[in-house]
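Hi,

Here is the structure I promised to send over. Have a look at it first, and then read my notes below.

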Amino acid sequence: MLLITSAYSLKPKQMSEAQIKSLEEEFEARIARDEKIEPKDWMPEKYRKTHIRQMSQHAHSEVVGMLPEGNWITRAPSLRRKVALLAKVQDEGGHGLYLYSATETLGITRDEMYEQLHTGKAKYSSIFNYPAVTWADIGAIGWLVDGAAIINQVALCGTSFGPYARAMVRICKEESFHQRQGYEITLKLAQGTPQQKAMAQDALNRFWWPSLMMFGPADDDSPNTAQSMKWKLKRKTNDELRQQFIDQTVPQAELIGLTIPDPDLKWNEKKGGYDSGEIDWDEFWQVVKGHGPCNKERMKARVNAWENGEWVRDAALAHADRQQERKEKQAV
Ligand code: BYC
């Protein structure tokens, strides 16, 4: 442990191969013992980079994810629904901020992360490139999208990088309220008039497959999974989490009288889970590559927010400088 802390200040070029090997061995041993890796600990460069990639993309997803629902705050059908939606969308903004802060501990600045998002270098979850066209979509997003996010994020509470794991614990608590408010909206619609029930079914039809895509490509086509599992960044694979989501969600749909839009869905007694139809992977990659229904609109909204907020950032920095000057003068 002492060796690791003292070697942190050395740049890789200043270390001998033997020193690096010994650090790598100690690092792997710590991962095997399920110890958390903290920002000032020595870590392989690839571990640092892959965390910056996943964590910053996770942060971007939270922030871009405010857009489809934010659009419905002014049109929520009652005061109660409006207050809950407002709180949920604010929570997502907060999740983005914890995650940007946790990612900054790995040596990237927030401005660099925003730049990567705005220029399309960094991804964000494919799900947010689909529009929320009816109020029932707000139910489907909370129920399915937050439901999928919880399954993914509960696993990430046990991730090996300390700041990411701790951010996830807090985020999961908030996500469970989000999921419940979405399920409640869907339940009410499903118990309402035939038109309301049809709206809920239509939202489920449109959001089911994109929600399954949130878990990423199938394990055989996932270039990052094997290494991320070894480093305990990921605790379950994309397919394991997707299966868990299907098994959990099908009975919820049945309970409220809605039908999952998958004719191949069938309980498999032997595996103790559902067999399901093939995901349209062409659609998934099209959306990931920027050609989904709302990719351009989402990015335009984020870039506009960044540009329109410049005066606020400048004012905050000028205020902080003035405070600092005042403190220094008082100290003399
Ligand atoms: N969309 O090797 P793979 C929320 C990319 S928001 C877009 O399996 P990995 C909420 C992947 O990045 C919560 N891209 O990658 C907010 C990789 O490309 P790069 C969002 C995707 O990282 C508001 C390539 O495909 N949750 O809860 O091992 C309202 C190959 O994939 C997607 C997170 O961000 C996708 N769906 O596994 C409501 C969870 N899937 O980066 C709700 C954290 C894959 O090599 N992230 N790609 O260029 C993860 O758990 C993992 O990063 C993933 C992908 C499972 C998503």
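**What I found**

Let's start in the loop that connects helix H10 (225-230) to helix H11 (238-255), where you will find lysine 232. Helices here are DSSP runs of H or I with at least four residues, strands are runs of E with at least two, and both are numbered from the N terminus. Before going on, keep in mind that this is a predicted model, in which local features need pLDDT of at least 70, side-chain atom pairs count only at pLDDT 80 or more, and totals for chains, interfaces and linings use all residues. Residues are numbered from 1 along each chain as its sequence is written, and side-chain values use heavy atoms, with hydrogens and water left out.

Back to lysine 232: its phi is near 60°, a positive value in a residue other than glycine. Most residues other than glycine have a negative phi. Is lysine 232 buried or exposed? With 18% relative accessibility, it counts as buried (buried is under 20% relative accessible area, exposed over 50%, partly exposed in between, with a 1.4 Å probe and protein chains only).

Aspartate 34 also has a positive phi, near 65°.

Now for the ligand. Which residues come nearest to it? Of the 36 residues around the ligand, they are Arg53, Lys123, Ser126, Ser222 and Lys234 (near means that a heavy atom of the residue lies within 4 Å). That shell divides into 14 nonpolar, 13 polar and 9 charged residues. Here Ala, Val, Leu, Ile, Met, Phe, Trp, Tyr, Cys and Pro count as nonpolar, Asp, Glu, Lys and Arg as charged, and the others, Gly among them, as polar.

Serine 222 has a polar side-chain atom 2.7 Å from a ligand oxygen. For glutamine 57, a side-chain N or O atom is 3.1 Å from an oxygen of the ligand, while proline 223 has a backbone N or O atom 3.3 Å from a ligand oxygen. Taken alone, the ligand exposes 1000 Å², and the protein buries 91% of that (areas by the Shrake-Rupley method with a 1.4 Å probe; for residues, only the protein chains shown count as cover).

Last stop: tyrosine 274 sits in strand S2 (residues 273-275) and is buried, with a relative accessible area of 12%. Tyrosine 274 is 26 residues from glutamine 248 in sequence, and their C-alpha atoms are 9.8 Å apart in space.

Cheers

Terms used. Polar contact = N/O pair within 3.5 Å; in protein donor to acceptor, adjacent residues only side chain to side chain.
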